[in-house]
Amino acid sequence: TYFGLMWSVFRPLITLTIFSIIFNYFLKVPTEKPYYIFAFAGMIAWNFFSQITSNASSAILGKQNLIRKMYFPKLILPLSKVLVAGVDFLVSLVIIFAMLAFEDGLFGWHTLVLPLFVLLNIMCGLAIALWMNSLNIRFRDLHQIIPAIIGIAVWVTPVFYPTTIIPQGYEFFVYANPMAGIIKGFRFALLGESFPEWQYWISIFIMVMICVVGAWYLTQTEDEMVDYA
């Protein structure tokens, strides 16, 4: 509590330092840009996604007393968690912009498309969180699996390594992961790397549809949630 908001700075930088030592100095992972910037661009997207998914998945379950007492759109609860996660996200953006300014000349027109990938990042987290809210209210403790899934998924998502090290013939596993395309989009917007290939957009489109249908389903069943609360 003494450091307060500064933890939003310390946490990602500590993680970045650890993985920079492992992947850059020990494993010598090749990257187009300085590794610490490359990795941090991926971390920003992944941390935003994981915070939305983890915190918003049990947003309605955590407010049972409130939803029993008064009516309001239940969709507000998971969406509020996006705003909370957005604080850390904005702090991380300030940090990487400082890194880019230090490296000199890494900004460009491509930065203008960053809001698109931020929106897709949010929708990817909500695609899971909205459905988890609908299920959690009936099957308690289901949200406990989310941290385990995220802990595994980070290793099969190109957060700390480039997709170029993935053996040929296994690209499908990357293309099927919408966060892989979103992270590549972040690196395009922030670092000027190549734009996500068309294969990524298939899984991203499916993820967007899951998010939209999840929001619709939540609004259609929100009255029933009071019976389970």
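Good morning. Please bear in mind that the model is predicted.

I turn now to the aromatic pairs, of which the structure holds 17. In one of them, Phe 19 and Trp 155 have ring centres 5.8 Å apart and planes at 50°, so this pair is classed as tilted. Phe 19 belongs to helix H1 (residues 7-26), while Trp 155 lies in the loop between helix H6 (145-153) and helix H7 (171-175), so the pair ties together parts that are 136 residues apart in sequence. Phe 19 counts as buried, because its relative accessibility is 15%, under the 20% limit. Trp 155, at a relative accessible area of 47%, is partly exposed.

A further tilted pair is formed by Phe 117 and Trp 201, at 6.0 Å centre to centre and with 45° between the planes. This pair also links distant parts of the chain: Phe 117 is in helix H5 (residues 114-136) and Trp 201 in helix H9 (residues 198-228), 84 residues apart. Phe 117 is buried, with a relative accessible area of 0%, whereas Trp 201 is partly exposed at 27% relative accessibility. Both residues belong to a cluster in which ring pairs link Trp 109, Phe 117, Phe 188, Phe 195 and Trp 201.

Where does Ser 50 lie, and what does its side chain reach? Ser 50 is part of helix H2 (residues 35-56), and its side chain reaches the backbone oxygen of Asn 47 at 3.0 Å. With 13% relative accessibility, Ser 50 counts as buried. Thank you.

How values were computed
Residues are numbered from 1 along each chain as its sequence is written. This is a predicted model: local features need pLDDT of at least 70, side-chain atom pairs count only at pLDDT 80 or more; totals for chains, interfaces and linings use all residues. Side-chain values use heavy atoms; hydrogens and water are left out. Helices (H or I, at least four residues) and strands (E, at least two) are DSSP runs, numbered from the N terminus. Buried means under 20% relative accessible area, exposed over 50%, partly exposed in between (1.4 Å probe, protein chains only). A polar contact is a pair of N or O atoms within 3.5 Å; within protein, one must be able to donate a hydrogen and the other to accept it, and residues adjacent in sequence count only if both atoms are side-chain atoms. Rings of Phe, Tyr and Trp (its six-membered ring) pair if their centres lie within 6.5 Å; planes under 30 degrees apart count as stacked, over 60 as edge-to-face and the rest as tilted.
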